[in-house]
Amino acid sequence: MKDLTKYLGPRYGGAAKQLAEDFRKNGLGMDMTRYLGPRYGELLNKLLDDSISAHLGIKMNTPFTLALVALIGVAALIAVYRLLFGIGAASNLNDAWPWGLWISFDVLGGVAMAAGAFLIAAAVYIFNWKKYKCIARASILNAFFGYLLAAISITLDVGRSFVIWHPLVMWQLNSVMFIVALHLVLYLTTLGTESSPMVFEKLGWQGALSFVNRCMVGVVMFGVALSLLHQSSLGANYLIVPGKLNPIWYSHLLPYHFLVSAIMLGLALVSFETLLTGKVFNHKVPREVIEGLARGVMIVGSFYLFLKIWHLATGPGLGAVLDGSFLGNLYLIEMVVGVIVPLSLLCLRSVRTNLNRIFAVDIMVVLGVLLNRMNVGISGVSEYATGSGGDYFPSLMELALTVGMIAFAILGFKICAKYLNLFPETHH
Amino acid sequence: MKTSRRAFLKSLAGSGGALLATGIPCAQARMSKELPAQAVGLLYDATLCVGCKSCMVNCKKENSVPGGALYKKGMTAPPYERGPKGDEAIWDAPRELSGKTLNIIKVYKNGNCQQKDRAVDGYAFFKQQCLHCVSPACVSVCPAGAFRKDPATGAVYYLADKCIGCRYCQLACPFGIPRYEWDSAWPEVRKCQLCRHRYHEGKYAACAEFCPTGATIFGKVVELRAEAKRRLALRPGESYDFPLQRVDATEKTRRAAAKYADGVYGLIEAGGTQNIMLSGVSFDLLGFRKNIAKFDLPSLTWGYIAKIPWVFAGVFLGGTAIYKATHRSDKEG
Ligand code: SF4
Ligand code: SF4
Ligand code: SF4
């Protein structure tokens, strides 16, 4: 350790040295009251107390975490560049392709990935299905990050980021985008409220805790209504472009397609993430929960399949997707990987009762639905856009920002798992 | 879950308030499908156009003054376009509409290009710009109300101060008209605003005023539609007095009528537009897409938005019922 007094003078140098040594010895578990005074130090001490998750064995000082931090750093730089020089400088978007990767993946995909929360919240708080209680906190937190990702990305995607709050005060009720914006804000607040007991518990703020718990059922219902609307309104965004979105995706039922596929994705993702956290953190996954989720995926997925077949039969016809065209093939991949194979596998008892196989099925569903969002948002309008003289492939900055946002969500989740009581039922 | 009945009902009532807030204003928000009584617009007759691009030049000039659709604070010269990379010396010869160009004259060519306004072995000019839809998709989708339709003249205009730059208007416009200032850090959406800023001086659309042949004329939409109908009824070769600049002009030019290919463009497209067009070459050959909806596009989303209050009502009523049913056994606990 260098002698910091040399650079900072005896006063600050000494304090810095002490801090550094303390950190080396105790990590973030050091006593903060020493530096911040009793009031804030105490608070921070409580927040940073990770004894709660000691049994999970989460380590922060790993190469993986460092990689995440690096990716987030790159994304932050890109965000600054984007804000300084404009959306045209950072992205490959153009007049024929006004929406690209950030809308399709971060917003359409990010929000869809958050669908698990309202389902689990409804199951636990409204339907009183107690067995899902152990995954409620994790899935709500996961949704919070999904929405945060969507919110940050759309803030960077709009050309005038600093006035993105305009729709909230300049109501325009004909606009689905207005509905989307309003819901995004309201639902982020709702998810924050639903997650807040974890934090209050930790800080020991009994008053706040019991207040939130008392409102919880109302909050959950509000969240359910918002989610139903929000998931479907992302599809409804495209209702107004019958001449631009390819008929193999365009449908008057697009809001329902989005809603049902988001529910399927949401259930699969909750199951995926429960299994994953079970693998990387030391905690045991309750088997009947995963099997229940798999059943859910099966039921909702069948309904989705029915909707999609109905759409093909009443609209463009099966020929439109089997003609070997680029878009037709994309459609087939999306449906085969995300719906048909997972559903067929889930029909087998040997898959439904095997956690590893369910894990694989979950991954397929997630990839399939994400591809669907990319298809609707990017590829589906390609015929119109290239016909009008456009061309689009995400720029490096667009890609790197999206990757950084994903890293942000993973790291955020990991930090919360370490410092909050995320898996309450397994904590005995 | 311990929830006192009173607290539960209270939280329910609060959410009910939110429901009313979303429910009530919706009822009045629906967009009109009717042409405003005093609606104005343009008639562009491609068979009269000689491709001089006077409209383009003067559109840019007249809109680069305060109030104009291209004007920005501190602007000293109109936003001229440079050529593509490596060819920057080319001066203001745009190939497409853009953040700097509100209308454009393009040429159609086929075979040996011998005769004007003929699809085979012929050529023709055509004009692209905002058509000022009767029920504009761009207005209906804008989350901040930055796109507006003037209730009197029906001109579709833009308020940069409100815009957040989401570019939904670009996606939604069936004709692909709105353009973005991609090269700016604080961009605006750009499109023809029907020279709205010139009306109070008694002036009208610059592209009509400066059109030497009467290919673009300005006027009340009902009169423009009647004029277009009269032209369509002419026999090819029959001589006709075409008004110059305005549909109600006294100055006219006598010419032989050409053969029109289709009907009037803009009567049913996207539910009707205030700018209408006539052409000797059919419109889909000129690049006007065939699959443009023949009804007002905003009605597609309205069906969805109108359901929103019901979703809230359904979730809260259904949710309460289920909550009551599933928590009955817990009551003692
Ligand atoms: S043509 Fe496009 S930009 Fe013009 S009013 Fe219609 S929808 Fe709006
Ligand atoms: S880009 Fe601006 S004008 Fe266009 S829809 Fe978005 S907020 Fe409205
Ligand atoms: S009406 Fe005005 S703004 Fe529109 S194209 Fe003509 S000159 Fe340009």
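Predicted model: local features only at pLDDT ≥ 70, side-chain atom pairs only at ≥ 80, totals over all residues.

Helices of at least four residues and strands of at least two are taken from DSSP runs and numbered from the N terminus. On that basis, chain B has eight helices and 12 strands.

**Chain B as a whole**

- Chain B comprises 333 residues, 54% of which count as buried.
- The accessible surface of this chain is about 15200 Å², and carbon and sulfur atoms account for 56% of that surface.
- When contacts in chain B between residues at least 6 apart in sequence are considered, 59% of them join residues at least 24 apart.

**Extent of the interface**

- Contact between the two chains involves 65 residues of chain A and 70 residues of chain B.
- The size of an interface is often expressed as the accessible area lost when the parts come together.
- For chain A and chain B, the buried area is about 5800 Å², with 66% of it on carbon and sulfur atoms.
- On the side of chain A, the residues that lose the most area to chain B are Arg160(A), Asn174(A) and Ile240(A), which together make up 15% of what that side buries.

**Polar links and composition of the interface**

- One salt bridge is counted between chain A and chain B.
- Asp157(A) forms a salt bridge with Arg167(B), and the closest N and O atoms are 2.8 Å apart.
- Elements giving two or more residues to the side of chain A that touches chain B include α3 (63-85), α9 (176-203), α10 (206-236) and α11 (254-280) of chain A.
- The largest share of that side, 16 residues, comes from α10(A).
- The residues of the side of chain A that touches chain B comprise 42 nonpolar, 17 polar and six charged.

**Residues with positive phi in chain B**

- Cys195(B) is not a glycine, yet has a positive phi of about 50 degrees.
- This cysteine, Cys195(B), lies in the loop between β8 (189-190) and α5 (206-209) of chain B.
- Cys195(B) counts as buried because its relative accessibility is 7%, where buried means under 20%.
- Ala270(B), also a residue other than glycine, has a positive phi near 50 degrees.
- Ala270(B) is placed in the loop between β11 (252-256) and β12 (276-278) of chain B.
- With a relative accessibility of 2%, Ala270(B) counts as buried.

Definitions and conventions
Residues numbered from 1 in each chain as written. Chains lettered and ligands numbered in written order. Heavy atoms only, no water. Buried < 20%, exposed > 50% of the residue type's maximum accessible area, 1.4 Å probe, protein only. Contact = heavy atoms within 4.5 Å. Areas by Shrake-Rupley, 256 points an atom, 1.4 Å probe, with all protein chains shown as cover. Buried area = accessible area lost by both parts, 1.4 Å probe. Salt bridge = Lys/Arg side-chain N within 4 Å of Asp/Glu carboxyl O. Nonpolar A, V, L, I, M, F, W, Y, C, P; charged D, E, K, R; others polar.
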